[in-house]
Amino acid sequence: MIEARGLSKRFHDKKRGEIRAVENVSFCCEPGKIYGLLGANGAGKTTTLRMLATILEPTDGTAFVCGYDIVEQPEKVRASVGFLSTATALYPRLTAQEMVEYFGRLNGLDEPTLKKRIDDIFKRLDMDGFRDRRCDKLSTGMKQKTSIARTLVHDPPVMIFDEPTLGLDIMTARTIIAFIRECRDRGKTVIFSTHVMSEVEKLCDMIGIIQSGELLAEGSLLQLRDKYAERDLEEIFVKIVTPHYAQAEAS
Amino acid sequence: MSLRNVGIVYKKELTEALRDRRTLISTILVPLFLFPVLFVGFGAMVVVFVGKAQQETPKVMILGGEDSPHILEGIKKLEKIEVVPAAPNWKNQVINKEIRAAVEIPSGFDADVAQEKSDLVKIYMYENEIKSSFAADRLEKYLKEYSDNIVKERLAAKNLANTVLKPFEIKQQNVAPPEKAGGAALGGIVGYMVILLCMTGAMYPAMDLTAGEKERGTMETILSSPISRTHLVLGKFFLVLSASLATAALSVISMGGSFWTLQHFHAFDSAQSGDAAAVQLKIGLGSVLSVFIMALPVAVLFSAALFTIALFAKTYKEAQSYLTPMTFVVVIPAIAAMLPGIELTPKLALIPILNVSLLCKDLIAGTYHWNYISLIFASTCVYAAFALFLAIKMFQRESVLFRS
C-alpha cells in the first residue's frame, strides 16, 4: 500500500531560481493493483518515485509505504520496496550472483534464507547460465534479469518502477512488462512511471496523469475515457495536459 | 546490524577494488616499485654516470704562460688531462663543451714566483657541468700543490718550519650514530614519499567509489537499499582508507628493502674504496615502523578529504580534475619539510602534512620528541575526524549526490 499525501519537491537552481518539480501530489496505490504515473519528460514522475523510494526527501508533505512514513522511517520504507529504473545500474565488477547477494545482505537476510531465495529467483528467471558472469559481460536482457532479481531478493510488498522499459529493445521490454504483471498477480503494490501509452493501457488498474509536477487527473482507464469523452488514451492525455503544457512553456 | 552493514559494504567494495586494474596499480604496483626504482635504480644510474664522467680525459687549454715554462710543463705532464693548443675562441669552446676548462697563466708568472710576487691564475669552466667541474678540480688541485711546494721551499730557504704558516689542522668529525646521520640525510624524502603515496593510494578508490559510482549509474541502485547513508559512507571510507594504508605499508616495506639493498652496495663499494661513510645510510626498523604509525591519521585525513571532494564530481574525469590539484596541496608542505634548516616548532606542529613530514625526519633519525609526537598525532586525528564528519554530511546532501 502506498499513500502519498501532498508530496512536494522543490529544487534550487542558481540560474533558474526555485524549481517546483512536484507540487502537492496525493494518490493511493493498493495491493494487487498497478498504478501508472503517466507524464511527459520532466513532468515530475521520477522525482515522485524517488521520493517514494526515499532516495529524495520531500520538501513538503509525505507518503506512507506499507504504513511507514517516508520522512520518519526511510530505512523501513526501503526495506519494503523494490526499486527499478533505467538509472539503477549494476556493479560491473560483481557477478550476477554477487550483485543479488549484496542487496539480499543489505536487506538483512541471513545466509541460508539468502541462498534459498537466490536459487529460487535464478531458477524462475532462468539466470543459472550466467550467475557467475561479471555484470559488465552480460547482455542487456541478462542485465535486466539481474536487476529484477536484485529488486526481488528481499520479497518486498511494494514495487516501484521508474520508466523501466526506457531504451530497451522490444524483447527485453516484454520481460519487464511480464515481470510487472507477475508482481501484481502476487499481490504486490505496484507503481510505475512511463510516457508510453500502450504500456499504461495494457497494465494499469489506475492511472495518474502528471504534468509540471501536478497530478492533473486520476482514475481507471474506463473512468478517464468516460470523463474526457475520448477512447484513445493518447487523446485523453493531450486533452488534459495541453493547457498546462502551454502554460509551462510560456513561463 | 549497523556494523554488519558497514562490513557488507566494505567487503563488496574490496571485491570490486581487487578486480579494478587502476586501483591495483596505484595501491600495489606503484609503492612496490617506486622506491626500488628511485633509490636503487636512480642511485645506480648516478654512480654509472658520475663514474663515466670521472673516467673521461678532459681537454683543457692553457692561455698564456709562454714565458713560464716551469708551470707550463707541470700542467702538460698532468695525468688524465689532455692539453690542446690555445685558440682565441676558447670561451665558446668551453660553452660548447668542446673543451672542459681553460687555465690562464699571467705573463711573467715564473719570474714573479722567483721574485716572490703574487699573481692570479684563473681557471675558466662551465658551472654546474659535471665534466667541466672535474677538469677544473684537477687543475685547481695541481695548482694548489704547486703553490704549497713553493711555500715549503721558501720556508726551508729561510730555515722556518711548515707550522709557521699552518699552526693547526682542522677536521670535521661526525659524532651522531649512524641511524641519526642517515635520518638527517634521508628523513625528509622518506616522510615526503610516504605522505605522497598515502594520497595516491587513496585517490583512485575515492574517485571510483563516488564519482565512478555516479557515472556507472549504481548510486541510485545502492541508495534504494535499506542501508543508512552513514553506514554506506563508512563502508566506502574504510575501503579507501585500506587502500591508502596498503599503499603506505607497501611503500614502507619497499623503502626498507631499497635501503637494505643500497646499504649493502654502499658498504661493498666503501669497503673497496676504504670509505668510512658506509654506515651513514643505516636506518632503524623502529624508525620505519614509527613513520608508518604516524602515517595512520594522515591516511584517514586523505581518505576522508579525497572522498568528500570526489563526491561532488559527476564523472570520473571531473573527479580527476578536482583531485589532481590536491596533489600540489599535499606536495608543497611535504617538500617544505625538506628545506634545509627547517625544524619542528609548536606552531609548525599544527600545520597538517608539514607537521608529519617534519616529524618523519626526526623519526627516521631515531629522535623521539614525545611532546611533538602526541601533539601532531592528536591534531592530525582532529583534522581527520573533521574530514570524515564532512564526508558523512556531504553524503546526506541531495544537491551533492544528484548534482545536475
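Predicted model: local features only at pLDDT ≥ 70, side-chain atom pairs only at ≥ 80, totals over all residues.

**Chain A in detail**

Reply: Chain A is built from nine helices and 10 strands. For its 251 residues, a compact globule would have a radius of gyration near 18 Å, and the value for chain A, 19 Å, therefore agrees with that expectation. Along the principal axes, the C-alpha atoms of the chain occupy a box of roughly 55 × 40 × 35 Å. Buried residues make up 46% of the 251 in chain A.

One open sheet of chain A holds six strands, arranged in the order β6-β7-β8-β3-β9-β10 with mixed pairing. Its edges are formed by β6 (81–85) and β10 (214–219) of chain A; each has a single partner strand, so one side of each lacks a neighbour in the sheet. From one strand to the next, the twist averages 15°. Within this sheet, β3 (residues 34–38) and β9 (residues 206–211) of chain A are paired in the parallel sense by four bridges. In that pairing, A:Tyr35 is placed opposite A:Met206 of β9(A).

Two helices pack on this sheet. Helix α6 of chain A (residues 170–185) touches β3, β7 (158–162) and β8 (189–194) of chain A, and the direction of α6 makes about 155° with that of β8(A). Helix α8 of chain A (residues 221–228) also packs on the sheet, where it touches β9 and β10 of chain A. The direction of α8 makes about 105° with that of β10(A).

Is it enclosed by the rest of the structure, or left open to the outside? Five of the five residues of β6(A) are buried, so the strand is largely enclosed by the rest of the structure. A:Val81, A:Phe83 and A:Ser85 point one way from the strand, whereas A:Gly82 and A:Leu84 point the other way, and all are buried. The lack of a sheet neighbour on one side of β6(A) thus goes together with burial of both sets of side chains. The partner of β6(A) is β7(A), to which five bridges join it in the parallel sense. Among the paired residues, A:Val81 has A:Val158 of β7(A) as its bridge partner.

The loop that leads from α5 (140–152) to β7 of chain A contains A:Asp155. This residue is not a glycine, yet its phi is positive, at about 50°. A:Asp155 has 15 C-beta neighbours inside 10 Å and therefore counts as partly exposed.

A further open sheet of chain A consists of four strands in the order β2-β1-β4-β5, and here the pairing is antiparallel. The edges of this sheet are β2 (17–29) and β5 (68–69) of chain A; since each has a single partner strand, one side of each is without a neighbour in the sheet. Strand β1 of chain A (residues 2–13) runs antiparallel to β2(A), and nine bridges join the two. A:Asp13 stands opposite A:Gly17 of β2(A) in this pairing. Helix α1 of chain A (residues 45–52) lies across β1, β2 and β4 (60–65) of chain A, and its course is at about 120° to β1(A).

There remains the side of the chain that touches its partner. Here 23 residues of chain A are in contact with 19 residues of chain B. The elements of chain A that supply two or more residues to this side are α2 (74–79), β6 and α3 (96–106). The largest share comes from α3(A), which gives five residues. By residue type, the chain A side divides into 14 nonpolar, three polar and six charged residues.

Definitions and conventions: Residues numbered from 1 in each chain as written. Chains lettered and ligands numbered in written order. Rg over C-alpha atoms; globule rule 2.2 N^0.38 Å. Buried ≥ 20, exposed ≤ 12 C-beta atoms within 10 Å, placed from the backbone. Pairing = 2+ DSSP bridges. Axes fitted to C-alpha atoms, helices over the stretch in contact; angles between N-to-C directions. Contact = placed C-beta atoms within 7 Å. Nonpolar A, V, L, I, M, F, W, Y, C, P; charged D, E, K, R; others polar.
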